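Subject: Structure handover

Hello,

Please find the structure below, followed by notes on what was found in it.

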Amino acid sequence: MVGKDGAMSMFGRRPTVAGYWGTRVQSSQEVAQTMRAFLDDLEAIDPGLALPWVSTAEFDKVPADLSVDGLVRIFEHSRSKEMGYSDTPGPGYDIDLSPEDGTARRVGAWVGGLETSAPNSVLVSLPTETQLTDSTRRLLDPDIGDAIMRVIVKHWEPERARWSIGDYRHLQNRSKGEVEVGWETYFHSGVTFDRSALPQSAVVEDLPTGTLIRLGDKPMEVAAADIVAVRAALGYPV
């Protein structure tokens, strides 16, 4: 939320990097191979993302088997009859990974399905400022956030993606399918926008598949007015 002086509140501060896309029916083998390559690239970004991840599907809370074969089993279990699904191509595959030690981080995905009430998606949740430790402090650095965004775009080919916190999302009364604006915002090449309406803090980079907009070099301290200005540049109500 935003106070009378335009400052961000101390609530809604959890950073999440997420990508979204519509219908993309894939096999469990396909999404497992993509997830394994994605996890490899996350591990290469920072040691704080190279973890013995635990899957919520593994009720004994031991590190999950995240080989391609292990990921296939996790994905197939997520849409099995045991989980209440019939053998149809509609539902996506679900995975939710958290650190074995319980510290704040998460990798999740809902992928390989038809878009119904929610799109296909992948996300990486990072610690809040109060949850940082000496070993995770760098995870809120802009170069880390930018690198996570780029590997999401590289591996999952989303239609839109963002690095954001709850405070930024609360500024946007979005309609379904609109691009969500964050510290970094990505959208595919088919989305038009008015570059002249962007705020001074905005740096625009044209990627092979779309556009990346970055608002300054302090991910947790983006001005509310800059978020609103990017929405205006995209032609959305503000």
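This is a predicted model: local features need pLDDT of at least 70, side-chain atom pairs count only at pLDDT 80 or more; totals for chains, interfaces and linings use all residues.

Rings of Phe, Tyr and Trp (for Trp, the six-membered ring) are taken as a pair if their centres lie within 6.5 Å; planes under 30 degrees apart count as stacked, over 60 as edge-to-face, and the rest as tilted. The structure holds 5 aromatic pairs on that basis.

Trp 21 lies in strand S1 and Trp 156 in helix H3 (residues 142-156), so the pair ties together parts 135 residues apart in sequence. Helices (H or I, at least four residues) and strands (E, at least two) are DSSP runs, numbered from the N terminus. Trp 21 and Trp 156 are buried, where buried means under 20% relative accessible area, exposed over 50%, and partly exposed in between (1.4 Å probe, protein chains only).

The rings of Phe 38 and Trp 156 have centres 6.0 Å apart and planes at 75 degrees, so that pair is edge-to-face. Phe 38 is in helix H1 and Trp 156 in helix H3, 118 residues apart. Trp 21, Phe 38 and Trp 156 form one aromatic cluster.

The sheet

An open sheet of 9 strands has the order S2-S3-S4-S5-S1-S6-S7-S9-S8, with antiparallel pairing. Two strands pair if DSSP finds at least two bridges between them. Strand S2 (53-55) and strand S8 (202-206) stand at the edges with a single partner strand each, so one side of each has no neighbour in the sheet. Neighbouring strands are turned by 15 degrees against each other on average, direction ignored. Axes here are lines fitted to C-alpha atoms, for helices over the stretch in contact, and angles run from 0 to 180 degrees between N-to-C directions.

All 5 of the 5 residues of strand S6 (residues 160-164) are buried, so S6 is largely enclosed by the rest of the structure. Arg 160, Arg 162 and Ser 164 point one way from S6, and Ala 161 and Trp 163 the other way. S6 pairs with strand S1 (residues 16-21) in the antiparallel sense over 5 bridges, and Ser 164 is the bridge partner of Thr 16. On S7 (residues 184-188), which runs antiparallel to S6, the pairing has 4 bridges, and Trp 163 stands opposite Glu 184.

Helix H2 (residues 68-78) lies across S2, strand S3 (93-99) and S4, running at about 120 degrees to S3. The buried residues of H2 are Gly 70, Leu 71, Val 72, Ile 74, Phe 75 and Ser 78. Among what covers them are helix H1 (28-45), S2, S3 and S4. Ser 55, in strand S2, is buried with a relative accessible area of 1%. Ser 55 touches Ala 64, Ile 74, Asp 96 and Leu 97, not counting residues up to four places away in sequence; contact means heavy atoms within 4.5 Å.

In helix H5 (residues 224-233), 7 of the 10 residues are buried, so H5 is largely enclosed by the rest of the structure. The buried residues of H5 pack against helix H4 (166-169) and strand S9 (210-215). Gly 235 follows H5 and has a positive phi, near 85 degrees.

Regards

Conventions: Residues are numbered from 1 along each chain as its sequence is written. Side-chain values use heavy atoms; hydrogens and water are left out.
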